[in-house]
Amino acid sequence: VVLAECDEEAGREAEAELRAAGKEVWWQPTDVSREEDVARLFAEVERRCGRLDILVNNAGISRFTPLEDLTLAEWNRVLAVNLTGTLLCSQHAAPLMKASGGGSIINIASTRALMSEPGSEAYAASKGGVLALTHALAISLGPYGIRVNAISPGWIETARWKKKRLRHEPEHTEADRAQHPVGRVGDPMDIARACLFLATEREGFITGQNLVIDGGMTVKMIYV
């Protein structure tokens, strides 16, 4: 497993924790919005592994700013990481997957591509773009045996999964839980299991799709 991460502290911690658990993994410093970083990442993958089977485009940033305060620089940065980064990684992964006879690309979008709160213009637009990019890539790469799908997480609690100095125990109210028909807030493993499902060759008939994983939150009508 290759971890592409621009935060050195987070990258080294994740690499160390996984290696301690017996996993074969390395961290590659990468800012996915910079093509030179992305090119270096996949060149290193080819050098070390000789092939690439699965790409999870999970890098993303979220910034919520009132519309009148949203600067062009902030807008561009969010789209550069969330949308352009997904394109660049897919673009550079494709030749390796073609050479290996196929593969699976999994793009992490968001339910905010489908619904919004105030001040979410940049993030919502970037994730909506990821959904459109997903079905476009699925058509372009399908003839090479490469499947491309998206996962749209809802409320996923990451407090226990941050780098060590930022980790903390989350606190959820009964109202938080009640927003979800399953009765709880999501966990990163809910998304990880879905990635494994889409990655396996057994699911070779699924491509160009968006899998919403949100505990039913987006289908529940809420009256105020």
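Reader: Which residues in α2 meet which residues in α3, and what makes that a contact?
Author: Glu35, Val38, Ala39, Phe42, Val45 and Glu46 in α2 meet Leu88, Cys89, Gln91, His92, Ala93 and Leu96 in α3, contact meaning heavy atoms within 4.5 Å. The model is predicted, local features need pLDDT of at least 70, side-chain atom pairs count only at pLDDT 80 or more, and totals for chains, interfaces and linings use all residues. Residues are numbered from 1 along each chain as its sequence is written, and side-chain values use heavy atoms, with hydrogens and water left out.

Reader: How is the contact of α2 with α3 divided by class?
Author: The contact of α2 with α3 has eight nonpolar, two polar and two charged residues. Ala, Val, Leu, Ile, Met, Phe, Trp, Tyr, Cys and Pro count as nonpolar, Asp, Glu, Lys and Arg as charged, and the others, Gly among them, as polar.

Reader: Why is α2 called roughly parallel to α3?
Author: Helix α2 (residues 35-49) and α3 pack at an angle of about 25 degrees, with their axes 9 Å apart. Angles under 35 degrees count as roughly parallel, so α2 is roughly parallel to α3.

Reader: Why is the term also used for α3 and α4?
Author: The axes of helix α3 (residues 72-100) and helix α4 (residues 121-141) come within 8 Å and cross at roughly 15 degrees. Therefore α3 and α4 are roughly parallel to each other.

Reader: What is the handedness of the crossing of α3 and α4?
Author: The crossing of α3 and α4 is right-handed, meaning that the near helix is turned clockwise from the far one by less than a right angle. The crossing of α2 and α3 is right-handed as well.

Reader: Which residues meet where α3 and α4 are in contact?
Author: Among them are Trp75, Leu79, Leu83 and Leu87 in α3, and Tyr123, Val130, Leu133 and Leu137 in α4. By class, the contact of α3 with α4 has 13 nonpolar, five polar and three charged residues.

Reader: What lines the second largest pocket?
Author: The second largest pocket is lined by 13 residues, of which Asp53, Gly102, Gly103, Ser104 and Glu201 lie nearest its centre. This lining divides into two nonpolar, seven polar and four charged residues.

How values were computed: Axes are lines fitted to C-alpha atoms, for helices over the stretch in contact, and angles run from 0 to 180 degrees between N-to-C directions. Helices (H or I, at least four residues) and strands (E, at least two) are DSSP runs, numbered from the N terminus. Angles under 35 degrees count as roughly parallel, over 145 as roughly antiparallel, 65 to 115 as roughly perpendicular and the rest as oblique. On a 1 Å grid over the protein atoms alone, a cavity is a set of points where a 1.4 Å probe fits but cannot get out, and a pocket is an open set with protein on both sides within 12 Å along at least five of seven lines; lining residues have an atom within 4 Å of a point.
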